[in-house]
Amino acid sequence: MPRAWYTADRIRVRTKRIGIFFGVLVLVWLLSHTTAGANVFHGIQERLYRAGAAIGRVTSRMFTSEDSLSAQLNICTNRLGAAVAQSADAFAYQRETTEWRALVHYKERTAQQGVAAHIIARDTPEEAIVTINRGSQDGIGEGAAVVVGDGMLFGVIDTVTETSSTVRLTAHAASAIPGAILGTETTIGLVIGKEGVLLSMEYIPQSTVLATHDIVVTSGLGGKIQSGIVIGTVDDVIAAPSAPFLRAAIRPVHDSRVWTTVLVMPYPEQGL
Amino acid sequence: MKTGSILACLFLLFLLGEASFIHAFPGILSHIPLMTIAGMIVMQRVGMEEGAAWFLALALFHSDISALCIAIIGPILITRLFTTRSVYALIGFGISAYSAVLLIALIFPPHSVTAALQSELLLLPGLLIGISMVRFCERSLFTRIALRPSS
């Protein structure tokens, strides 16, 4: 009899405890769907993310000597990224002088009206998806381009809730962005994410003249991403005689892990 | 009431910590399975029902089949194989449960086997550090007062 009483009491206590556990979780989940609740959570997540990223940067410095070859390579890579972005800007300004009317309109609709957002969570590097603290309330829509720094493509909006969105990075296996060579407007291929550092540009017609270090930008095909956002540089061109298309390895101009703030661009045809 | 609320708060804290703090770390450190480590310690130290609830909630939040797998096989392992509350039992439980997760990663293609292996590599030191922290907390005066059963 005491044993049965003990078992019944134990079951009652455990059931109550698990009920409270799930009750609190459901309550918090419901709260997180209100604007005030979401803001609180995003604030906490933003601070945690910044702390994690700062620790990551410090750790990288601890294990990388300033004099080592890898440190020098990193510096050169960063300088290359900056130079590529600057040359992209210079070309954009050149076009501005010749087609000023169209480009002033373009700037009004795009670069000036983006929505700044903070990265608040990140999936594991293999999944290449991050969460930002802006959502449909801020006018963000699926497929919009997300840029960092001086106009370098970070990724594309994947899913949107009222107060947050997920960004599919360019390195994501499902990412396919129409690309062009800087200075042309014709789409020459699709830039696809691959496991590893490099991206891959597929379906390039055999007649295309492509050289290493050419700058690859978005072509604007599809209507959701502006043209001229820098994706990377051509690292290698792979041509198989029997294949109908060329393939190129694209080196991104930035490291996606170092950014904490991004700019979500509006759709070219409507704006945010 | 108290234990349930504390567990829920810890669950949320670790959930935010893993998604926003741990995943921002560089390289392999971003694979530290914080929620799994905490869940396993809860399952061994607090109770298998609470641990199963932890992994069930994790499976619901992340739509993760591997957490559901641990929620199912965890109580069986705890009651049949690793019955003591020793560190060795916890390590054994961790390895066994995570082997099942690896199996799931191999069977279901979207799951990354490399990521699962890296997580398993970090699981053991994580469990050791975690259990040391739990033991320290259990000995501290504050915890003894906070978790004292109400008479």
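Two residues are in contact if their C-beta atoms, placed from the backbone, lie within 7 Å. The structure is a predicted model, in which local features need pLDDT of at least 70 and side-chain atom pairs count only at pLDDT 80 or more, while totals for chains, interfaces and linings use all residues. Residues are numbered from 1 along each chain as its sequence is written, and chains are lettered from A and ligands numbered from 1 in the order in which they are written.

View 1. A residue is buried if 20 or more other C-beta atoms lie within 10 Å of its own, exposed if 12 or fewer, and partly exposed in between, with C-beta atoms placed from the backbone. Apart from neighbours within four places in sequence, the contacts of A:Ile132 are A:Ala117, A:His118, A:Ile119, A:Ile120, A:Ser164, A:Ser165, A:Val167 and A:Val262. A:Ile157 is 25 residues from A:Ile132 in sequence, with 9.6 Å between their C-alpha atoms.

**View 2. The largest nonpolar core.** This core has 90 residues, and A:Ala145, A:Val146, A:Val147 and A:Val230 have the most contacts inside it. A nonpolar core is a set of buried Ala, Val, Leu, Ile, Met, Phe, Trp, Tyr and Cys residues joined through C-beta atoms within 7 Å. The core lies between domain 1 (2–61) and domain 2 (62–264) of chain A, because both give residues to it; the domain bounds come from an automatic or database domain assignment. Not counting residues up to four places away in sequence, A:Val146 touches A:Phe154, A:Gly155, A:Val156, A:Ile157, A:Val167, A:Val262 and A:Val264.

**View 3. Helix H5 of chain B.** The 21 residues of this helix (87–107) reach 30 Å from the first C-alpha to the last, close to the 30 Å expected at 1.5 Å a residue, where the expected span is 1.5 Å times one less than the number of residues. Its buried residues are B:Leu90, B:Phe93, B:Gly94, B:Ala97, B:Tyr98, B:Val101 and B:Ala105. Seen down the axis of H5(B), these buried residues fall within an arc of 120°, so they line one face of the helix; the arc is that of the directions from the helix axis to the C-beta atoms. On the other side of H5(B), the exposed residues are B:Tyr88, B:Ser99, B:Leu106 and B:Ile107.

Terms used: Helices (H or I, at least four residues) and strands (E, at least two) are DSSP runs, numbered from the N terminus.
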